[in-house]
Amino acid sequence: MDDGGHDAGHESAGQDTTPNPQHAGDVDPRMARFAGQVGEVEDPLTWGLDLEDEALTGCEDDTDPTSDRFVRSYRTFAGESLEVETLRTAVAEDAVEDVVRAAASGALAAPLHADIAAPVEPDAEPAPRPGRDFADDFADYRSAMRAIVAEVDAVELEHDTFDVDGHPVAATEVQVRDVVAVHVATPGRGLVITGPADLVDRVTVVTRPIRSLLHPPERR
């Protein structure tokens with residue numbers, strides 16, 4: 001997790017964990033901007049999930065509601081990924097479709113990211129791959145990404161409800177293969193939950209003040 005997340009975990013136990021804007025200079029400025037409720041999976045071990053990472057990503061951009069977000073990434077014991085993203089600002093109704101389709105495309109493309117790497121100097125010589133180079137790999141990656149986006153764009157959106165904080169909330173979702181991406185609106189913000197369809201349908205998602213779960217406050 002980045003420095004903003006580490007700083008989030010050093011409040012005293014029992015105190016309000018919402019960052020104080022008066023002390024924004026003591027905390028990563030992005031954390032101060034993100035003061036408020038963010039999403040998480042309640043009791044992740046119940047669903048066979050382990051919290052793998054939490055991070056602030058992007059930057060403030062009024063034209064892109066997904067540019068500034070807090071992401072909690074979970075992984076199942078079987079290696080499947082589930083993410084709960086909290087968008088700092090609400091998503092306009094006409095942009096929700098783009099948001100959920102992009103989330104689904106990203107989840108489907110995740111395995112591709114591990115297969116291509118920039119041509120940096122490695123610590124150890126990798127096994128040679130005859131007839132392959134970075135340009136070939138990148139071309140294949142681009143082709144695969146285009147195919148994924150086209151597949152996601154061809155699927156109809158679904159409008160249903162999704163439980164947040166124990167209450168059903170209007171939701172927009174798209175499912176491709178066994179991956180689903182769901183967008184729900186929370187007060188002043190948006191949540192995007194992405195992962196295996198059968199798991200996303202069952203997990204309990206709640207919103208709580210932003211704080212670090214990977215680095216909880218030390219007891220005194």
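The questions and answers below go through a predicted model of one protein chain.

Me: What average pLDDT does the protein chain have?
Reply: pLDDT is the predictor's confidence in each residue, from 0 to 100. A score of at least 70 is reached by 70% of the residues, and the chain average is 79.

Me: Over which residues does pLDDT stay under 50, with 41 contacts beyond four places in sequence?
Reply: A contact means heavy atoms within 4.5 Å. Another stretch, residues 116-121, is also below 50 and has 7 contacts beyond near neighbours in sequence. The stretch with 41 contacts beyond four places in sequence is residues 1-26.

Me: In what order do the elements of the protein chain run?
Reply: Helices (H or I, at least four residues) and strands (E, at least two) are DSSP runs, numbered from the N terminus. The chain has 5 helices and 9 strands. From the N terminus on, the order is α-α-β-β-β-β-α-α-β-β-β-β-α-β.

Me: What share of the 220 residues is buried?
Reply: Buried means under 20% relative accessible area, exposed over 50%, and partly exposed in between, with a 1.4 Å probe and protein chains only. Of the 220 residues in the chain, the buried share is 38%.

Me: Why does S8 count as largely enclosed by the rest of the structure?
Reply: S8 has antiparallel partners in S4, through 5 bridges, and in S7, through 8 bridges. Thr86 is paired with Leu191 of S8, and Ala185 with Gly190 of S8. The strand is largely enclosed because its buried residues number 8 of the 8.

Me: Which residue takes a positive phi in the hairpin of S7 and S8?
Reply: The hairpin has 2 residues between its strands. The phi in question is near 75°, and the residue is Gly188.

Me: Is His183 buried or exposed?
Reply: His183 is in strand S7. Beyond four places in sequence, its contacts include Val91, Val96 and Val100, as well as Gly190, Leu191 and Val192. With a relative accessible area of 5%, His183 is buried.

Me: Which element gives the most to the lining of the largest pocket?
Reply: On a 1 Å grid over the protein atoms alone, a cavity is a set of points where a 1.4 Å probe fits but cannot get out; a pocket is an open set with protein on both sides within 12 Å along at least five of seven lines, and lining residues have an atom within 4 Å of a point. The volume of the largest pocket is about 780 Å³, and the closest of its 30 lining residues to the centre are Ser81, Glu83, Gly106, Ala107 and Ala110. Strands S2 (49-58), S3 (68-76), S4 (81-87) and S8 (189-196) and helix H3 (96-113) each supply at least two lining residues. With 9 residues, the largest contribution is from H3.

Me: How far apart in space are Ala104 and Ile193, C-alpha to C-alpha?
Reply: Ala104 lies in helix H3 and is buried, at 0% relative accessibility. Ala104 touches Val152, Val174, Val179 and Ala181, leaving aside residues up to four places away in sequence. Ala104 and Ile193 are 89 residues apart in sequence, and their C-alpha distance is 9.6 Å.

Me: What is the phi of Arg177?
Reply: Most residues other than glycine have a negative phi. Asp43, in the loop between S1 and S2, has a positive phi near 50°. Arg177, in the loop between strand S6 (167-176) and strand S7 (179-186), is exposed at 53% relative accessibility. Its phi is positive, at about 55°.

How values were computed: Residues are numbered from 1 along each chain as its sequence is written. This is a predicted model: local features need pLDDT of at least 70, side-chain atom pairs count only at pLDDT 80 or more; totals for chains, interfaces and linings use all residues. Side-chain values use heavy atoms; hydrogens and water are left out. Grid points are joined across faces, edges and corners, and a volume is the space filled by probe spheres set on the points. Two strands pair if DSSP finds at least two bridges between them.
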